Amino acid sequence: MPMDPMTAQDRIGQRIRAIMARLEHLQGNNWYFYNIPVQELKGGARVRVGDKEMLMFASYSYLGLIGHPRINKAAKEAIDKYGTGTHGVRTLAGTLPVHQDLEETIAEFKNAEAAVVFSSGYVTNLSVIAALVGRGDYVFSDKLNHASIVDGCLMSGAKFVRFHHNDMDALERRLQSVPSDATKLIVADAVFSMDGDIIDLPRLVELARKYNAWVMIDEAHSVGVLGKTGRGIEEHFGLDDVIDIKMGTLSKTIPSVGGYIAGKKELVEYIRHTSRAYIFSAALPPAQAAAAAEAFRVIMDEPWRVEKLQANTQHFIQGLKERGFNTMYTETAIVPIICGEDETAFQMTAEAFKRGIFVLPVISPAVPVGLARLRATVTAAHEPEEIEYAMDVFVDAAQAVGLPLQQPVL
Ligand SMILES: *Cc1c(COP(=O)(O)O)cnc(C)c1O
């Protein structure tokens with residue numbers, strides 16, 4: 001017998017109606033910025049949205065590699081050679097030379113012994129954390145870690161211990177609070193996806209050694225972004241191979257889809273034989289694997305991209321601070337522009353859109369109440385004049401919606 005949808009027990013129906021009411025409220029105010037279709041790439045940082053050309057300030061393509069001719073060509077050639085699908089999972093008939101080439105290229109780029117790829121970054125975190133720790137173990141996770149890390153920790157069955165964001169004293173207290181002979185894994189984002197700040201890796205590694213814990217770092221926003229040649233957080237801090245489990249995605253700087261783990265050969269072999277997502281989910285499509293491998297080679301061949309991204313990042317963060325915006329602790333291409341109330345963030349977004357700037361709001365519960373923001377990103381595809389223009393638009397928008405700007409703290 002189907003349940004009467006109007007009864008109080010119908011919690012699912014109530015949840016659906018609550019979300020629908022919220023969407024109607026947003027749509028009624030023209031504050032609905034979810035899933036906006038981008039029709040076309042126009043080159044550089046320009047995209048077409050509807051009939052309007054806009055400047056993209058919400059892209060994860062940090063090095064401007066989407067549409068790169070070499071990468072497109074590699075993908076097309078892989079389709080001609082292998083078709084569009086795989087023959088199933090990697091362990092049966094799904095392993096192709098393009099997968100092996102990709103894994104070798106990642107290992108080389110990350111200066112690691114070996115690497116293994118998965119069909120998404122999300123699934124990599126989920127599956128690998130669950131393959132490494134389980135009941136009776138402890139996993140220590142920064143409070144602002146990405147949802148895929150949180151979900152992996154929960155799924156693993158290990159005791160889930162969260163520590164205050166990027167606070168190494170808090171991490172040490174947590175490490176001291178568990179039995180000294182327990183199996184421990186510390187996991188954190190390299191660059192935090194909402195705030196753009198960088199984990200204190202040198203101290204984290206010190207603590208891991210002191211308390212005998214393994215270290216896993218998610219470099220979704222670090223590869224191509226941090227370090228002189230874009231190799232990531234170890235290069236940034238001048239540390240050599242201190243991360244046991246180097247995780248990354250192929251969907252951000254690398255213009256493809258997928259996720260990877262790089263590390264010691266034995267670790268990678270262990271993951272190949274124990275990770276359920278690797279064993280039970282289909283291999284990456286050949287075009288995406290070939291595109292990803294070529295993208296790593298392009299980064300190595302075109303070092304100007306990393307340099308330009310880093311110069312643009314400095315320009316953007318400094319310029320916003322000088323204009324009185326609060327950008328929190330960011331040091332990277334992810335630049336929060338704090339608006340305060342959710343409503344202010346929606347209004348700022350609408351104003352930016354009117355002037356051709358594509359930027360998106362992030363509101364609670366994704367970020368704490370009162371810290372709603374525009375989450376702007378800058379890339380190597382931006383020209384300095386475009387960054388100047390965007391910053392001027394944000395100042396005008398702040399004036400239009402009554403967002404107070406501070407005396408610049410430089
Ligand atoms: C985007 C992201 C992921 C997930 O990667 P996908 O390849 O998009 O599934 C994992 N971790 C962090 C920190 C991310 O930002």
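Visitor: At what angle do the axes of α13 and α15 cross?

Guide: Keep in mind that this is a predicted model. To read a helix pair, take the angle and the distance between the axes. Here the axes of α13 and α15 cross at roughly 25° and come within 10 Å. Angles under 35 degrees count as roughly parallel, so α13 and α15 are roughly parallel to each other. Their crossing is right-handed.

Visitor: Which residues of α13 and α15 make the contact?

Guide: From α13 come N312, H315, F316, G319 and L320. From α15 come P384, I387, E388, M391 and F394.

Visitor: How do I read such a list?

Guide: Look at the spacing. An α-helix has 3.6 residues a turn, so residues three or four places apart point the same way. Then sort by class. The contact of α13 with α15 has six nonpolar, three polar and one charged residues.

Visitor: Which residues of α15 are buried?

Guide: Buried means under 20% relative accessible area. In α15 that holds for E386, I387, A390, M391, V393, F394, V395, A397, A398 and V401.

Visitor: Next pair. At what angle do α4 and α12 pack?

Guide: Helix α4 (residues 97-109) and helix α12 (residues 286-301) pack at about 30°, with axes 9 Å apart. They are therefore roughly parallel to each other. α4 passes α12 in a left-handed crossing.

Visitor: Which residues make that contact?

Guide: α4 supplies V98, H99, D101, L102, T105, I106, E108 and F109. α12 supplies P286, A289, A290, A292, A293, F296, R297, I299 and M300. By class, the contact of α4 with α12 has twelve nonpolar, two polar and three charged residues.

Visitor: Is α12 enclosed or open, and why?

Guide: Count its buried residues. Twelve of the 16 residues of α12 are buried, so α12 is largely enclosed by the rest of the structure. Among them are P286, A287, E294, F296, V298 and I299. The buried residues of α12 pack against α2 (69-82), α4, β10 (259-263) and α13 (304-322). For length, α12 reaches 23 Å from its first C-alpha to its last, close to the 22 Å expected at 1.5 Å a residue.

Visitor: What do the buried residues of α4 pack against?

Guide: First name them. V98, H99, L102, E103, T105, I106, A107 and F109 are buried in α4. The buried residues of α4 pack against α2, α3 (90-94), β4 (114-118), β10, α10 and α12. The 13 residues of α4 should span 18 Å at 1.5 Å a residue, and the end C-alpha atoms are 18 Å apart, which agrees. N111 follows α4, with a positive phi near 55°.

Visitor: How do α5 and α10 lie, roughly parallel or roughly perpendicular?

Guide: Read the angle again. The axes of helix α5 (residues 121-132) and helix α10 (residues 265-274) come within 10 Å and cross at roughly 105°. That makes α5 roughly perpendicular to α10. V128, A131 and L132 in α5 meet L267, Y270, I271 and T274 in α10. This contact of α5 with α10 has six nonpolar, one polar and no charged residues.

Visitor: Now the loops. Where does N30 lie, and what is its phi?

Guide: N30 lies in the loop between α1 (11-28) and β1 (40-43). Its phi is positive, about 60°, although N30 is not a glycine. N35 lies in the loop between α1 and β1 too. N35 has a positive phi of about 55° and is not a glycine either.

Visitor: Which peptide bond is cis?

Guide: Omega tells you. The bond from S364 to P365 is cis, with omega near 10°. P365 is found in the loop between β13 (360-362) and β14 (372-377).

Note on methods
Residues are numbered from 1 along each chain as its sequence is written. This is a predicted model: local features need pLDDT of at least 70, side-chain atom pairs count only at pLDDT 80 or more; totals for chains, interfaces and linings use all residues. Side-chain values use heavy atoms; hydrogens and water are left out. Axes are lines fitted to C-alpha atoms, for helices over the stretch in contact, and angles run from 0 to 180 degrees between N-to-C directions. Helices (H or I, at least four residues) and strands (E, at least two) are DSSP runs, numbered from the N terminus. Angles under 35 degrees count as roughly parallel, over 145 as roughly antiparallel, 65 to 115 as roughly perpendicular and the rest as oblique. A crossing is left-handed if the near helix is turned anticlockwise from the far one by less than a right angle, and right-handed if clockwise. Contact means heavy atoms within 4.5 Å. Ala, Val, Leu, Ile, Met, Phe, Trp, Tyr, Cys and Pro count as nonpolar, Asp, Glu, Lys and Arg as charged, and the others, Gly among them, as polar. The expected span of a helix is 1.5 Å times one less than its number of residues. Buried means under 20% relative accessible area, exposed over 50%, partly exposed in between (1.4 Å probe, protein chains only).
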